[in-house]
Amino acid sequence: MMLICVICVLINMGGVRLMEALGWSLYFDSLGTAIAAAMSGYLPGIIVGLFTNLIKGITDTESLYYIVVNTLIAIITYLFMRKGYLRRPVGVIALIFSLVFAGVVYWVLISLVITGDPVTLSSIWDNIVIELADKGITVGILLLLYLFLPKKLVALMEVRGWRQTPLTARETVLAKRGRNRKMSLRTKIILILFGIFAVLGVAAIMISVYLYRDYSIKDNEEFARGTAQMAGTFVDPEMVDTYLEKGVDQPGYQETMKELETLKASNPVIEFVYVYQPREDGFHVVFDVDSGDLPGDPAGFLVEYGDDYKPVLSNLLSGTEIDPIITNDEYGRLITVFTTVKDKTGRTVCYACADISMEVVYTNEYDFLSKLVLLFIGFFILALALALWISEYNIILPINTMAISASKFAYDDEDALEDNVERIRRLDIHTGDEIENMYQALSKTTEDSEHYLVALRTKTETLSQMQNALIMVLADMVESRDESTGDHVRKTAAYTRIIMNKLIELGYYRDQLTEKFMYDVENSAPLHDIGKISVSDVILNKPGKLTEEEFEIMKTHTTAGAEIIDQVIHTVPDSAYLREAKNLAEYHHEKWNGTGYPHGLAGEEIPLSARIMAVADVFDALVSDRCYKKAFAFEKAMSIIKEDAGTHFDPKVAEAFLAAEDEVREVAEHFTVFRVTKGQTELLRSSMNPNWKSGR
C-alpha cells in the first residue's frame with residue numbers, strides 16, 4: 001500500500017508539473033488519487049489525495065483549502081468502481097459529472113466563506129469548463145488503465161488486510177452486511193470514532209486558535225512597539241510643551257509630522273500613529289497622523305480618558321512605561337502600544353503611540369482557522385478510513401464470517417457435522433487478539449460438539465432400535481395370545497407406510513403427513529391391539545361367532561389399549577410416537593360414517609393415523625385365516641375395501657390403499673404364514689426382508 005501511495009502521489013505531482021509546463025489552466029492533480037481509489041481501495045485513495053495537497057501546500061498554501069475535495073474524489077471514485085458503474089458508458093459519464101459537481105460546489109463554498117474570491121455566473125461557468133476538461137481527462141485515463149492493464153496487475157494493486165482466509169466478492173458482501181437486531185458493529189465503530197475525533201478535533205482546534213491568537217497579538221504588539229519607538233525618535237522632547245502652547249507653526253513641527261506620516265504609510269497594518277501628553281484632564285494631542293479618510297486631531301486637542309485607560313492611568317501620569325492594552329472605542333477594537341519620550345533630564349514629556357486594529361488579528365486568525373479546520377477534516381477522513389479499514393479486517397469480517405458459518409451449521413448426519421467443523425477450520429482467523437481467542441474457542445466447541453453429537457446420535461439410534469424392538473416384542477406377546485393373528489402387527493405396520501406414501505403422492509393430507517408423523521405412525525402401529533391383553537383368551541380364540549356380550553367385551557380392547565398407553569405417556573411425556581400409538585389403539589375401529597366404536601366418531605373427527613390403521617387392519621383381517629373364518633382372496637379383500645370407502649373408511653385413505661395394489665400384494669405374499677397342526681409351534685418364514693420390517 002505504501003508503494004502504491006507513493007507512486008500515485010508522484011503521478012499527481014507530475015500532472016501538476018505537466019500542466020505548468022504546457023501552460024494549461026488545468027489542475028490535473030487527481031489522476032493518482034482516482035487510480036489509487038479505483039484499483040487499490042478507498043484508504044490508499046484518501047492517503048494519496050491528502051498528501052498530494054499537503055505537498056502542494058508547501059509552495060501554494062491555498063492548496064490546503066482543497067484537501068477535502070481531493071479526498072472526496074477518492075471516495076466517489078471508489079464507490080463507482082465498487083458498484084461496477086465504470087463498466088457502462090453511463091457510469092463513466094456519471095462519475096465525471098459527480099467529480100465536476102463536487103469540485104465546483106466546493107470551489108464556490110471556499111470562495112464565499114474563506115478566500116473571498118468573486119463568485120459570478122461567468123466564474124462558475126469557467127470553473128465548470130475547467131473541471132469538465134480536467135476530470136474528463138482523469139476519468140478517461142483511469143478507464144483506459146482499467147480496461148487494458150493486465151488483470152493480474154490489477155489484482156496485485158488491490159490492497160486488502162485479511163486476517164483470515166480471503167473471502168470471495170460475494171462472501172465479502174454478505175459478511176459486511178451481517179444481520180443485526182438494532183445497530184451494526186460498523187455503525188457503532190463509526191459513531192464512537194466520530195465522537196472521539198470530533199471531541200479531540202474541536203478541543204485541538206480551540207486550543208490552537210487560542211494559542212495562535214495569543215501569539216498573533218504578541219507579534220502585533222511587538223510590531224506596534226517598534227513603530228511607536230521609531231515615532232518617538234522623530235519627536236524633539238524639548239519642543240513638546242512649545243507645540244502644545246504655541247501650535248503647529250513652531251519650527252520643526254511640520255517636518256516631524258511628515259516623518260510620522262511616512263512611518264505610518266510604510267506600515268500598512270498600523271492603523272494610527274500619534275503622540276499624546278497625558279495630564280489630569282486627559283490626553284493632549286501633540287501629533288496625530290491622518291488615517292485614511294479619518295483626519296488626525298490638531299495639536300492641543302483634548303482627548304478624554306476612556307474606561308480602557310483607567311487601569312494604567314496612574315502610570316501614564318507618572319510617566320512610566322506601560323504594557324500594551326487592547327482598547328475598544330469609536331475607532332474600533334485596537335492594540336495600543338505606548339513608548340515614553342523623555343527630555344534631557346529624563347522626564348517623560350509625552351508618549352509616542354501606535355495602534356493596530358484587532359481586525360488584522362481576526363483576519364489572520366480566520367485564515368488560520370480555515371486552514372486548520374480543512375486540514376483537520378482531511379486527516380479526520382483519513383483517520384476514520386484507516387480505523388474502518390483496520391476494524392473491517394480485524395473485527396467486522398472475522399465476527400460476521402464466524403456468525404454466518406455458525407448459522408449454516410447442520411446436524412442431519414455425520415457428513416453435515418464434519419462440514420460444520422471444516423467450515424470453521426477454513427476461516428483460519430489470525431487477528432492475534434480476543435477475536436482470534438473467540439475463533440479458537442468456537443473451533444474447539446464445534447469439534448467437541450461434533451464428537452458429542454456423533455456419540456449421541458449413535459446412542460439415540462441404539463435406543464430407537466431398542467424401543468422398536470421392545471414395541472415389537474410387546475406386540476408379539478399380545479399377538480401370541482390370539483392364535484389367529486399371525487404376523488398381523490408387522491403387516492399392518494407395512495401397510496400404514498404404503499398408504500402414507502401414496503397419500504403424499506396423490507397430494508392428500510400433505511400438511512399432516514410429515515416425515516416425523518409417518519415415522520411415529522409406522523413404529524407405533526404394532527401397539528394398536530395392545531388392549532387385547534385385557535381380553536380373555538376364551539373370547540380371543542373362540543372359533544365361532546361372538547355373542548353380543550362377548551363382542552362388547554372385545555370392543556373394550558380399544559379403550560383398554562388407550563389407558564395402557566396413556567399410563568406410559570405420563571411416565572414419558574415427550575414421546576410423540578406414544579400419542580399416535582394411543583390414537584391407533586383407541587380409534588382404529590371407528591368408521592367414517594360414525595357407526596364404529598368405542599366413541600362413534602365420524603369423518604375427520606377420527607385422527608388420521610387411526611383412519612389409516614382402519615384400512616390396514618381390516619384388509620389384513622380379510623386376507624388372513626382367523627379362528628372364526630378362512631382367508632379371503634386378495635382381489636375379494638380389495639373389492640371390500642373399495643365398497644366400504646366413504647362408509648367404513650376415509651375415501652382418500654381407501655383410494656391411496658387401492659392405488660398401491662402392487663405394493664400391498666407384495667407385502668401380503670411376503671408375510672405368508674404356514675401353520676401346522678394344533679399344539680405344534682408355527683413356522684414363520686425366517687428370511688424376512690428388512691425393508692418390510694421398517695416399512696420403507
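Predicted model: local features only at pLDDT ≥ 70, side-chain atom pairs only at ≥ 80, totals over all residues.
Phe-194 is partly exposed, with 45% relative accessible area. Phe-194 sits in helix α9 (residues 185-234) and Phe-380 in helix α13 (residues 358-407), so the contact ties together parts 186 residues apart in sequence. Phe-380 is buried, because its relative accessibility of 14% falls under the 20% limit.

Helix α9 also carries Val-199. Val-199 is exposed, at 57% relative accessible area. Its C-alpha lies 41 Å from that of Val-90, a residue 109 positions away along the chain.

Back to the rings. The structure holds 25 aromatic pairs. Another edge-to-face pair joins Phe-619 and Phe-634, at 5.6 Å centre to centre and 85° between the planes. Phe-619 belongs to helix α21 (residues 608-623) and Phe-634 to helix α22 (residues 634-643), 15 residues apart. Both of these Phe residues, Phe-619 and Phe-634, are buried. Elsewhere, one aromatic cluster brings together Tyr-274, Tyr-276, Phe-283, Tyr-305, Tyr-309, Phe-338 and Tyr-351.

Now the charges. Side chains of opposite charge can pair when their charged atoms come close. The whole structure contains 25 salt bridges. One links Asp-134 to Lys-135, with the closest N and O atoms 3.0 Å apart. Asp-134 and Lys-135 are both buried.

Arg-425 and Glu-447 form another salt bridge, at 3.4 Å from N to O. Arg-425 is in helix α14 and Glu-447 in helix α15 (residues 434-481), so this bridge ties together parts 22 residues apart in sequence. Arg-425 is partly exposed at 47%, and Glu-447 is partly exposed at 26%.

Within helix α17 (residues 515-524), Lys-516 and Asp-520 lie four residues apart, about one turn. Their salt bridge has its closest N and O atoms 3.0 Å apart. Asp-520 is buried at 8%, whereas Lys-516 is partly exposed at 49%. Salt bridges with shared partners also build a network from Glu-131, Asp-134 and Lys-135.

Which residues form a negative surface patch? Asp-415, Glu-418, Asp-419 and Glu-422 do. Glu-418 is placed in helix α14 (residues 414-427). Glu-418 is partly exposed, with a relative accessible area of 43%.

How values were computed. Residues numbered from 1 in each chain as written. Heavy atoms only, no water. Patch = residues over 30% accessible without salt bridge, like charges linked within 9 Å, V, L, I, M, F, W, Y side chains within 5 Å. Areas by Shrake-Rupley, 256 points an atom, 1.4 Å probe, with all protein chains shown as cover. Salt bridge = Lys/Arg side-chain N within 4 Å of Asp/Glu carboxyl O. Lys, Arg positive; Asp, Glu negative; His and termini not counted. Charge placed at Lys NZ, Arg CZ, Asp CG, Glu CD. Helix = DSSP H or I, 4+ residues; strand = E, 2+ residues; numbered from the N terminus. Buried < 20%, exposed > 50% of the residue type's maximum accessible area, 1.4 Å probe, protein only. Phe/Tyr/Trp six-rings, centres within 6.5 Å; stacked < 30°, edge-to-face > 60°.
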